[in-house]
Amino acid sequence: MTDGLLQARARTHGAFADNARYAQHFKSLFRSSPKWAAMTDIQREALDCIGLKLARILSNPATADSWADVAGYATLAERSLVE
């Protein structure tokens, strides 16, 4: 990746180090749930992706795409329940 792209992402998504720290906390919390092992791959992956998006929202709550992505991953998990 170029420095320009990384700088642009830092403006829209926040500092990578901050996002990594927040996301790892979310993922650790998810995995500590007694229901984690019983979840499907789709449900676990959706939660992991939501955790990353939540981390980005904490860094920059004004980025609409992050909010939309949370809804999208939740929708994918929901749809997997009825398939």
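Is Phe26 buried, partly exposed or exposed, and what is its relative accessible area? Phe26 is partly exposed, with a relative accessible area of 22%, where buried stands for under 20%, exposed for over 50% and partly exposed for the range in between, computed with a 1.4 Å probe on protein chains only. The structure shown above is a predicted model, in which local features need a pLDDT of at least 70 and side-chain atom pairs count only at pLDDT 80 or more, while totals for chains, interfaces and linings use all residues. Residues are numbered from 1 along each chain as its sequence is written, and side-chain values use heavy atoms, with hydrogens and water left out.

The predictor's confidence in each residue is given as pLDDT, on a scale from 0 to 100. The mean pLDDT of the protein is 95, and 99% of the residues score at least 70. Helix α1 (residues 3-13) has the lowest confidence, with a mean of 91, whereas helix α3 (residues 41-59) has the highest, at 97. Where pLDDT is low, predicted coordinates should not be read in detail.

The overall architecture comes next. The protein contains four helices and zero strands, and its elements follow the order α-α-α-α from the N terminus. Here helices (H or I, at least four residues) and strands (E, at least two) are DSSP runs, numbered from the N terminus. The C-alpha trace spans about 40 × 25 × 25 Å along its principal axes. Of the 83 residues in the protein, 25% are buried. With contact defined as heavy atoms within 4.5 Å, 55% of the contacts between residues at least 6 apart in sequence join residues at least 24 apart.

The surface and the charges can be described together. The accessible surface amounts to about 5800 Å², and carbon and sulfur atoms account for 60% of it; these areas come from the Shrake-Rupley method with a 1.4 Å probe, and for residues only the protein chains shown count as cover. There are 10 positive and 9 negative side chains, and the centres of the two sets lie 4 Å apart. In this count Lys and Arg are positive and Asp and Glu negative, while His and the chain ends are not counted. Each charge is placed at NZ of Lys, CZ of Arg, CG of Asp or CD of Glu.

What about the aromatic rings? Rings of Phe, Tyr and Trp (its six-membered ring) pair if their centres lie within 6.5 Å, and planes under 30 degrees apart count as stacked, over 60 as edge-to-face and the rest as tilted. This rule gives one aromatic pair. Phe26 and Phe30 form that pair, which is stacked, with 6.4 Å from centre to centre and 20° between the planes. Both residues belong to helix α2 (residues 16-31) and sit four residues apart, about one turn of the helix. Phe26 is partly exposed at 22%, whereas Phe30 is buried, with a relative accessible area of 15%.

Helix α3 holds Lys53 and Leu52. Lys53 is buried because its relative accessible area is 9%. Leaving aside residues up to four places away in sequence, Lys53 touches Ser66, Asp69, Val70 and Tyr73. Leu52, in turn, is partly exposed, with a relative accessible area of 31%. Between Leu52 and Arg9, which are 43 residues apart in sequence, the C-alpha to C-alpha distance is 14 Å.

Helix α4 (residues 64-82) includes Gly72, and Ala74 also lies in helix α4. Gly72 is partly exposed, with a relative accessible area of 30%, and Ala74 likewise counts as partly exposed, at 38%. The C-alpha atom of Gly72 is separated by 9.1 Å from that of Ile50, 22 residues away along the chain. Ala74 and Ile50 are 24 residues apart in sequence and 7.7 Å apart in space, C-alpha to C-alpha. Glu78, found in helix α4 as well, is exposed, with a relative accessible area of 52%. From Glu78 to Ala46, 32 residues apart in sequence, the C-alpha to C-alpha distance is 9.7 Å.
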